[in-house]
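Keep the selection tool at hand.

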Amino acid sequence: MLDIRIQNTKSRIQNGLLELLKQKPLNDITTKDIIESAEASRKTFYTYYKDKRDLLMEIEGAIITDLQEALKEDRKCLTQHSSFPDKEEIFRLSQESFAHTVQVCSDYREVSRILLSPNGDINLLTRITYSEFIHRGKLLFYFNSQHPSINVHPSPIPIDYLFEIYTGTLTNIIVHWVRSDDRISTSALREIMGFAQTHSPVELIYLTNFDEQADPDQPSTTSTPNRKKSGQSPLPLLKHMGFGCWPLFSAYHLQPQQKAESNERSQPFLRATTHFN
């Protein structure tokens, strides 16, 4: 365990860099800038760090370690099912399967907001979550030897595109939540991720009452969405969801006739959604 004085010194230097990242990109920050911001000496800085990128790696390292452990822990509930989960089960599982992950993001929210800004390492979260969410997608949606009884129908979208949609949507939801100033709770965030996995983008737009929400370009201030009481949609991050994860679900769960009916119902709404893109 580090001496408390060393911890305090390193924290001061790390905070010095984070404060600078609020103002300008890492490439424009010099070691001298960090030393002055942290009110430390040049000797002290080089006692603990080789350069500014070494410092950034240590800051990111703590987040990466904790987030990887959280992702691993959350995945356990997805491996304990003997049958292929249906739509309702996938939605229910979102509370459990993202619990630790969302909590870690909440714990590091202030730091991550800076790191995920254009001035920091904007692809940090994507690098951590991409392979894990690919694995989760296969556990939930992908037809394989673990679920031999499922009658899978061909998807019009290639499987690699489906998983890009799945991973991109979930990651974008978390990134937007971290970077925004809204008051959405961690529980509500997991609910949003559940909706994104089980509903098409057309369905999500249809469920959303835009008249009762603030300008979608402005941060939401909804603390605990409750559509049953207020009629307000629990999807204030809708605009930032991309295409949603529904193509994965529909590709492997709907019968051909259901798909045809769903596509037919979707047409009137597809034209109406273009101005949200």
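This tour of a predicted model visits charged pairs, then cysteines.

**Stop 1: the overall count.** Start with the whole structure. How many salt bridges does a search find? The search of the whole structure turns up 13 salt bridges. Side chains of opposite charge can pair when their charged atoms come close.

**Stop 2: Lys24 and Asp33.** Select both residues. Their side chains form a salt bridge, with N to O at 3.2 Å. Lys24 is partly exposed, because its relative accessible area is 26%.

**Stop 3: Asp121 and Arg127.** Select this pair next. A salt bridge joins Arg127 to Asp121, and the closest N and O atoms are 3.0 Å apart. Is Asp121 buried or exposed? Asp121 has a relative accessible area of 17%, so it is buried. Arg127, at 48%, is partly exposed. Glu60, Asp121 and Arg127 belong to a network of salt bridges.

**Stop 4: helix α8.** Select residues 124–140, which make up helix α8. Within it, pick Glu132 and Arg136. Their side chains meet in a salt bridge, N to O 3.2 Å. Why are the two separated by about one helical turn? Because Arg136 and Glu132 sit four residues apart in helix α8. Both residues of this pair are buried.

**Stop 5: the cysteines.** Select Cys77 and then Cys105. Cys77 counts as buried because its relative accessibility is 6%. Cys105 is also buried, with a relative accessible area of 6%. How many disulfides does a search of the whole structure find? That search returns zero disulfides.

Terms used
Residues numbered from 1 in each chain as written. Predicted model: local features only at pLDDT ≥ 70, side-chain atom pairs only at ≥ 80, totals over all residues. Heavy atoms only, no water. Disulfide = S-S within 2.5 Å. Buried < 20%, exposed > 50% of the residue type's maximum accessible area, 1.4 Å probe, protein only. Salt bridge = Lys/Arg side-chain N within 4 Å of Asp/Glu carboxyl O.
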